[in-house]
Amino acid sequence: MTLATRIIPCLDVDAGRVVKGVKFVDIRDAGDPVEIARRYDQQGADEITFLDITASSDERETMVHVVEQVASEVFIPLTVGGGIRKLEDIRRMLNAGADKVGINTAAVFTPEFVGYAADKFGSQCIVVAIDAKKVSVESEEDRWEIFTHGGRKPTGLDAIEWAVKMEGLGAGEILLTSMDRDGTKEGFDIGLTRNISEAVNIPVIASGGVGNLDHLVQGVLEGKADAVLAASIFHFGEYTVVQAKKQMQAQGIEVRL
Amino acid sequence: MKVGVIDYGVGNLGSVIRALEELRVSPILINRAIDLHIADCLILPGVGNFSDCIQILDSNDWSSALRDEVIGYERPLLGVCLGMQLLASASMEGVDGNQQEGISGLGFIPGKVVHLRSLGCTQRVPHVGWNSIKSCNSDHLFRNIPDGTDFYFVHSYAFVPEDSKNLLATTEYDVQVSAAVRSGHVWGTQFHPEKSSRAGFQLLRNFIDGEGC
């Protein structure tokens, strides 16, 4: 008996609706967040992550209400990311019922923010979200860089060094998304996942690219991820969380069934 | 039956309140130490770090009122996560290595709170996720909860009771970690029952239905 590997369905929420895009464009409506979260809870999801992709700040309030509603019906941990820039944003989401927040862009521009947030609210609720893209060419050694703005803006920051730095500042977990794979259904970027997992000593959640259940298994066995996150394979009814767990269990991975 | 949830100003209590409502009990939020006696039993949550929480408890009469109600009047208490660690004699969280004593806790259950690393844990810290429990002293808190049931944990420090008779259940995370403790009518769980879906509901039910509450 050991710690179970977590399966985390992720809901991208835009103005109160769950959506899913391919490489952050071509957004398809996937339904009501409360209804979907409840379904995943019943299927045995270990956690649920919400990413607020709402562009305008006046619609941020909508996300607070979504979190409140979900938290009052779903009794598993909830993580909320997107638009978390100030300590006040964190407080608001935790008060709405989130257990953890994901910090992304704000960490890139003000790394100390991660430290302040961890001191104030505890590392256990600070997840640093890293969006990385491969920047090395084939003849070179693999290298990934941090990108912001949905994968459009390079920062020059090396992804592995960045993850280590975030751990040092007090991040409790790393949510690692491959921007090359996100929405492609080609599977996780295993090299990226494994390199980051081996470089840090906090849990790493692999994200971006899951198209089938074998991809989840690869993320854990080859990528060494502590948790796997997926969106579209669950939203559009291709697979249930139970099927995903059974597949992982069959490959010798400890899951909660 | 009145279940009081102690609201001393740290973190969100929404999930605990909602979980109790699911069990069809009407929880009362207790935000003044002098109101503790209103409840038949008490839940002490906690998030953040030990020293901040104990400072708030000490500076607003909570600690002495809890001592009166819980030790004096034997009102049942369940501490959750950091709320469980606060029950200990002392914690090493936020204490530099040279200090042996640690920061004093409520002292309801003799024991010390130490970092998972100092227990010898080489796995990733924090310990985050669903881990299975194994009971070591039978207790009604785990009625209808078989060994191997998963609960949701998220913590970097762990409670080490002085006397193993106070240990109700453990979980394995490279090393043995206390999952639940008890002394008399004071219970504590390191995991979050309010975030542990069905197993969590059963545990809260057991606490409420237990003798004296």
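Across the interface of chain A and chain B, 13 residue pairs are in polar contact, both residues at pLDDT 80 or more. A polar contact is a pair of N or O atoms within 3.5 Å; within protein, one must be able to donate a hydrogen and the other to accept it, and residues adjacent in sequence count only if both atoms are side-chain atoms. This is a predicted model, in which local features need pLDDT of at least 70 and side-chain atom pairs pLDDT 80 or more, while totals for chains, interfaces and linings use all residues. Residues are numbered from 1 along each chain as its sequence is written, chains are lettered from A in the order written, and side-chain values use heavy atoms, without hydrogens and water.

On chain A, helices α3 (87–96) and α5 (112–121) each supply at least two residues of the side that touches chain B; helices are DSSP runs (H or I, at least four residues) numbered from the N terminus. There are 2 salt bridges between the chains, a salt bridge being a side-chain nitrogen of Lys or Arg within 4 Å of a carboxyl oxygen of Asp or Glu. One of them joins A:D99 to B:K195, with the closest N and O atoms 2.8 Å apart.

Contact means heavy atoms within 4.5 Å, and buried area is the accessible area (1.4 Å probe) that two parts lose on being put together, summed over both.

| Interface of chain A and chain B | Value |
|---|---|
| Chain A residues in contact with chain B | 34 residues |
| Chain B residues in contact with chain A | 32 residues |
| Buried area | about 2,500 Å² |
| Share from carbon and sulfur atoms | 53% |
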